[in-house]
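Hi,

Here is the structure I promised to pass on.

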Amino acid sequence: MNHSMKQHWNEIYAALDVDELTWYEEIPEPSIKLLSKCNINKDETVLDIGAGASTFIDHLVNNGFKNIIAVDISDVALDKLKERLGKERASLIRWIVDDITQPVHIQDLRNVAVWHDRAVLHFLLGEDEQRTYLTTLKKVVRKGGYVIISAFSLKGAKKCTGLDVKNYDQDMLAKFLGDDFNLLEYFDHKFYMPSGERPYIYTLFQRKYG
Ligand SMILES: C[S@@+](CC[C@H](N)C(=O)[O-])C[C@H]1O[C@@H](n2cnc3c(N)ncnc32)[C@H](O)[C@@H]1O
């Protein structure tokens, strides 16, 4: 676990209400759109990597997904999400505090049908961190499973919460995932924050069966 990163994120989540975070979405429409393109059953595993306090989890629970895993380096973020969901709905989710760059628990998972990452990969600047992310993803996502990744686009912000980010387009993400994955869909999305707009790239990949 990268303890300074954990502390960084815990401080951010402790300092602000969830709806004050600059990435807060009342309804995570772009992610919902891409999820709807995934041909999966509702009892298959959907893993939200770096879920934070995202309303994507609310969407999954409210829409009958039965195998939801929320992972984040920040226990404070996940606690806020649990609190918003309430005990009953929170008990339907598997909660994992882990660091995707030094995973301990995530790498034991298997048969993930959807890997969802909104605004997490772009914080990984080191090649080792990126390699670990990819190795873990490949270990846990099943053949024919889906990968939704959204990141700040090439026109997007260069920093978030004081941290540098790596900007992506769909070709860079396709190159990152490699030949095991087909790019099914992508689009640019302008996310509006009170202080202005923030361009993201959204991508949907499917792991090949072969
Ligand atoms: C910009 S926020 C996005 C949160 C959420 N995906 C959303 O869309 O609301 C980035 C999230 O990634 C988490 N995070 C950052 N580095 C991480 C790491 N190495 N492993 C796991 N989670 C991480 C942070 O705690 C934070 O919740």
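This is a predicted model: local features need pLDDT of at least 70, side-chain atom pairs count only at pLDDT 80 or more; totals for chains, interfaces and linings use all residues.

**The cores**

The largest nonpolar core is made up of 44 residues. If you want to find the residues with the most contacts inside it, click on Trp 23, Ile 40, Ile 57, Leu 60 and Val 114. Helix 4, which covers residues 75–90, contributes the largest share of this core, at five residues. There is also a second, separate core of 27 residues, and Ile 69, Val 147, Leu 173 and Leu 177 are among its members. As a bit of background, nonpolar side chains tend to be buried together in soluble globular proteins.

Leaving out residues up to four places away in sequence, Ile 57 touches Asp 48, Ala 51, Ile 68, Ala 70, Leu 81, Leu 85 and Ile 93.

**Helix 1 against helix 4**

Helix 4 also meets helix 1 (residues 3–15): their axes come within 7 Å and cross at roughly 35 degrees. On the helix 1 side the contact involves Lys 6, Asn 10, Tyr 13 and Ala 14, and on the helix 4 side Asp 75, Val 76, Ala 77 and Lys 80. Sorted by class, that contact has four nonpolar residues, one polar and three charged.

The largest pocket holds about 610 Å³ of space. Its lining runs to 36 residues, and the ones nearest the centre are Trp 9, Gly 50, Ala 119, Val 120 and Phe 123. Two or more lining residues come from each of helix 1, strand 1 (45–49), strand 2 (67–72) and strand 4 (112–118). Helix 1 gives the most, with three. By class, the lining of the largest pocket splits into 21 nonpolar, eight polar and seven charged residues.

The second largest pocket has a volume of about 170 Å³. Lining it you'll find, among others, Ser 153, Leu 154, Tyr 168, Asp 188, His 189 and Pro 199. Strand 8 (181–193) and strand 9 (196–207) each put in at least two lining residues, and strand 8 has the largest share, with three.

**Some single residues**

Is Arg 142 buried or exposed? Its relative accessible area is 18%, so Arg 142 counts as buried, the cut-off being under 20%. You'll find Arg 142 in strand 5 (residues 141–152). Setting aside neighbours within four places in sequence, Arg 142 is in contact with Ile 40, Glu 44, Asn 111, Val 112, Ala 113, Arg 207 and Tyr 209. Ile 40 is one of the core residues I listed above.

Asn 63 sits in the loop between helix 3 (55–62) and strand 2, and is partly exposed at 33% relative accessible area.

The C-alpha atoms of Gly 196 and Thr 22 are separated by 9.9 Å, although the two residues are 174 apart along the chain.

Cheers

Terms used. Residues are numbered from 1 along each chain as its sequence is written. Side-chain values use heavy atoms; hydrogens and water are left out. A nonpolar core is a set of buried Ala, Val, Leu, Ile, Met, Phe, Trp, Tyr and Cys residues joined through side-chain atoms within 4.5 Å. Buried means under 20% relative accessible area, exposed over 50%, partly exposed in between (1.4 Å probe, protein chains only). Helices (H or I, at least four residues) and strands (E, at least two) are DSSP runs, numbered from the N terminus. Contact means heavy atoms within 4.5 Å. Axes are lines fitted to C-alpha atoms, for helices over the stretch in contact, and angles run from 0 to 180 degrees between N-to-C directions. Ala, Val, Leu, Ile, Met, Phe, Trp, Tyr, Cys and Pro count as nonpolar, Asp, Glu, Lys and Arg as charged, and the others, Gly among them, as polar. On a 1 Å grid over the protein atoms alone, a cavity is a set of points where a 1.4 Å probe fits but cannot get out, and a pocket is an open set with protein on both sides within 12 Å along at least five of seven lines; lining residues have an atom within 4 Å of a point. Grid points are joined across faces, edges and corners, and a volume is the space filled by probe spheres set on the points.
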